[in-house]
Structures are given as C-alpha cells and as structure tokens.
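Colleague: I've got this model open and I'd like to learn how to read it. Can you walk me through a few features?

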Amino acid sequence: MSTTAPLNVLVFLGSVRTSTPPAPARVGERVALACTHLLSKRGLRPTLIDPLELDLAPPFRPHFSYADGGAPTDIAAVAAKIQHADAFVMVSPEYNHSMSPALAHVLNHFGSSLFSYKPSAIATYSMGQWGGTRAAVAMRAFLGELGCLPVSAMLHFPHAHQVFSSDGSYNDGVDSVRWDSYFDRTLAQLEWWGDACRAQRALKVDTPAPFQSSPAQRNAPSE
C-alpha cells in the first residue's frame, strides 16, 4: 500500500443502460461499486463517475474547446476531478468487440493533457462467459492514446450479476477471498504506478506541452 497520501482514483462507469431485458439492469454499476470498495480497502480514495449523473447533452463539444471558465458545470466538474486524479479505473461492457459507446463518449469530452502521466486499469464485465475480454483489447489502444497507459493486469468479470449484488458487495456463496485476490493483482499494479507517476510529477520534470491549436502540432517536420 501507498506510504504517502492516498491516491485519488477515478472509477469511470461505462454504461447508461437502465432497461431490461436482460435483467438485472446496471450490472456495470455493481462492478464499478465493487472496484470502489476494493480501492478503499487498500487505503485509496476512489470517486465514481457515472455518466447517468452527467449532463452531456448534444451537440458534442469537448472541454478544451471552451474558453477558460466557460465549460458547462458537469463537464468542468469532471475535468477538475480528472486533473486532480492520480489514477483511473475504466469499467466497460463489451459492444461489438469493443468498449462501450457510453464510456468513449464521456472520455472523448476531455483532452489527453488531463489524463497524461497517470496509470489506468481496465475492468470489463458481461452477463455471459467471456467477461468483456474483447472490449479490453480495444481499450488498451484507446487509453494509451489518451495518455493514461493501462497496467498489464486486467479485471474481467463473466456472469458479473452472479458475483456482485446491487451495492457492489459479493453475493451470498461467492468466494470473497479468491475474488479479493483476483482484484489485488491489478489494483496493486495500479497503486504502484500511481505512486511512481505522482512522485515524478511532483519533481516537475519537463514534459511536452499539450496541443495549443491543433493535433497537427505533433506531426513530423515536413521537408
């Protein structure tokens, strides 16, 4: 566990589905709450970001396109939380072999400069046997481009509704010791890298400046 101040960890829930069937609804909320419980158990400070609680009404406009102080309240609030976070847990179901549109939609509102030099962990789930593993493969590239490189260990939860109850605790009959051990491999990596990255950021080592006008700023020099 961290020997300094607890890491601030944002847990992004990648689902807005409330309808049934299939039942129960909001299985992802169970997984996200379980992640917050296990993070707290490690002495960290998790905060859940639930897209159902955010006003991201169309048309799409990212946080960085607004003048300072001009972003809508919800977007500005999440941007501030990302800025002050030390690490992230991204929770997603699988949609067509990829991450959920709900998670991508939330994350696309914020520039990589807010996420960069901080680690992330991938947690996928399903009500079937595969646990969203194919979504996790796509998420590695997405999160790498966003700047919050994912740790090598990942969390996959097949039949997640049978493992977790609505408050994120384990269902009766679930082997909590084995599941806690499964969580720990990923969360230990996340904490290690979170501590290391925070220490490096505190040194104020020079890093490339964020784009000021266009992504073309990262292009190779032309002849």
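Predicted model: local features only at pLDDT ≥ 70, side-chain atom pairs only at ≥ 80, totals over all residues.

Colleague: How far apart are the end C-alpha atoms of helix 1?

Modeller: They sit 21 Å apart, which agrees with the 21 Å that its 15 residues (27-41) should span at 1.5 Å a residue.

Colleague: And is helix 1 mostly covered or uncovered?

Modeller: Here's the general idea: an α-helix has 3.6 residues a turn, so residues three or four places apart point the same way. In this case, 11 of the 15 residues of helix 1 are buried, among them V27, V31, L38 and L39.

Colleague: Now the salt bridges. How many are there by this rule?

Modeller: Side chains of opposite charge can pair when their charged atoms come close. Here the count comes to eight. Take D50 and R26, whose side chains meet at 2.8 Å, N to O. D50 is in the loop between strand 2 and helix 2, and R26 in the loop between strand 1 and helix 1, so the pair ties together parts 24 residues apart in sequence. Both D50 and R26 are buried.

Colleague: Which residue does R42 meet in a salt bridge?

Modeller: That's E191, at 2.9 Å, N to O. R42 lies in the loop between helix 1 and strand 2 while E191 is in helix 7, so this pair links parts 149 residues apart in sequence. With a relative accessible area of 13%, R42 is buried, and E191 counts as buried at 3%.

Terms used: Residues numbered from 1 in each chain as written. Heavy atoms only, no water. Helix = DSSP H or I, 4+ residues; strand = E, 2+ residues; numbered from the N terminus. Expected span 1.5 Å × (residues − 1). Buried < 20%, exposed > 50% of the residue type's maximum accessible area, 1.4 Å probe, protein only. Salt bridge = Lys/Arg side-chain N within 4 Å of Asp/Glu carboxyl O.
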